[in-house]
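I opened a new page for strand pairing and aromatic rings. My notes follow below.

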Amino acid sequence: MTPAAPYSAPFGPREFQLVLLRRMGDHQPALVDDALRELGATHTEMREANKRWQARAHARGGPGEFERYRLALGAPEARHPVRGDSEAWVWPVPLWPDLRFTVLVGPGRAVWSRSLTRAPGAAAPELRTTEDLRPWRCTVDEVWRAFRDVEPREGVAPTLARLDFTLPDGGRAAAEFAWGLLQRLVPPLPGRGSMPRA
């Protein structure tokens with residue numbers, strides 16, 4: 001049987017959520033299993049959705065990254081200017097009602113960032129200790145704002161991030177994120193630096 005072409009089957013918000021879960025499954029397989037049950041999806045469907053997403057990303061002559069998000073997610077819930085020459089496009093994510101998938105778009109529809117962010121009006125968690133930093137509870141932006149001496153570390157993919165930071169008691173901690181959502185705490189790297197807050 002000839003494999004389906006990247007654009008031969010529908011690819012909408014449900015399939016995109018499976019793509020998000022595929023990356024998170026490397027860190028939180030139990031939470032991903034719960035989310036798959038909520039979506040009524042299987043691991044096979046999740047892998048297939050991710051495979052199709054990757055095929056779209058690498059298809060010769062296909063749409064750019066921003067268009068892939070727009071085609072999969074449809075009309076945004078909101079659009080608003082950010083830092084002058086960029087714009088945030090925001091979509092709801094049913095698996096996480098208090099979050100939104102936000103794409104920061106620059107000139108020429110270049111994608112500057114793509115991540116899960118807190119929905120307007122939704123209460124953000126109070127973050128003070130490592131006990132507050134539970135998987136899928138907070139976003140990378142919230143951790144950045146909550147702690148000091150924040151040092152971003154390079155991830156292995158655009159959808160992965162890591163922050164090292166100082167806790168209120170003076171100890172150092174580090175957290176890893178997938179698509180902007182906290183996945184796990186990891187040992188901090190040696191040394192300490194400080195990054196100015198935006």
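I began with two strands: E5 and E6 (residues 160-166) pair in the antiparallel sense over 4 bridges. Helices (H or I, at least four residues) and strands (E, at least two) are DSSP runs, numbered from the N terminus. Two strands pair if DSSP finds at least two bridges between them. I noted that this is a predicted model, where local features need pLDDT of at least 70, side-chain atom pairs count only at pLDDT 80 or more, and totals for chains, interfaces and linings use all residues. Residues are numbered from 1 along each chain as its sequence is written, and side-chain values use heavy atoms, with hydrogens and water left out.

Then I searched the whole structure for aromatic pairs and got 12. Rings of Phe, Tyr and Trp (its six-membered ring) pair if their centres lie within 6.5 Å; planes under 30 degrees apart count as stacked, over 60 as edge-to-face and the rest as tilted. Phe 16 and Trp 179 form an edge-to-face pair, 5.9 Å centre to centre with 75 degrees between the planes. Phe 16 is in helix H1 (residues 13-24), and Trp 179 is in the loop between E7 (172-178) and E8 (181-186), 163 residues apart. Both Phe 16 and Trp 179 are buried (under 20% relative accessible area, 1.4 Å probe, protein chains only).

Terms used. Buried means under 20% relative accessible area, exposed over 50%, partly exposed in between (1.4 Å probe, protein chains only).
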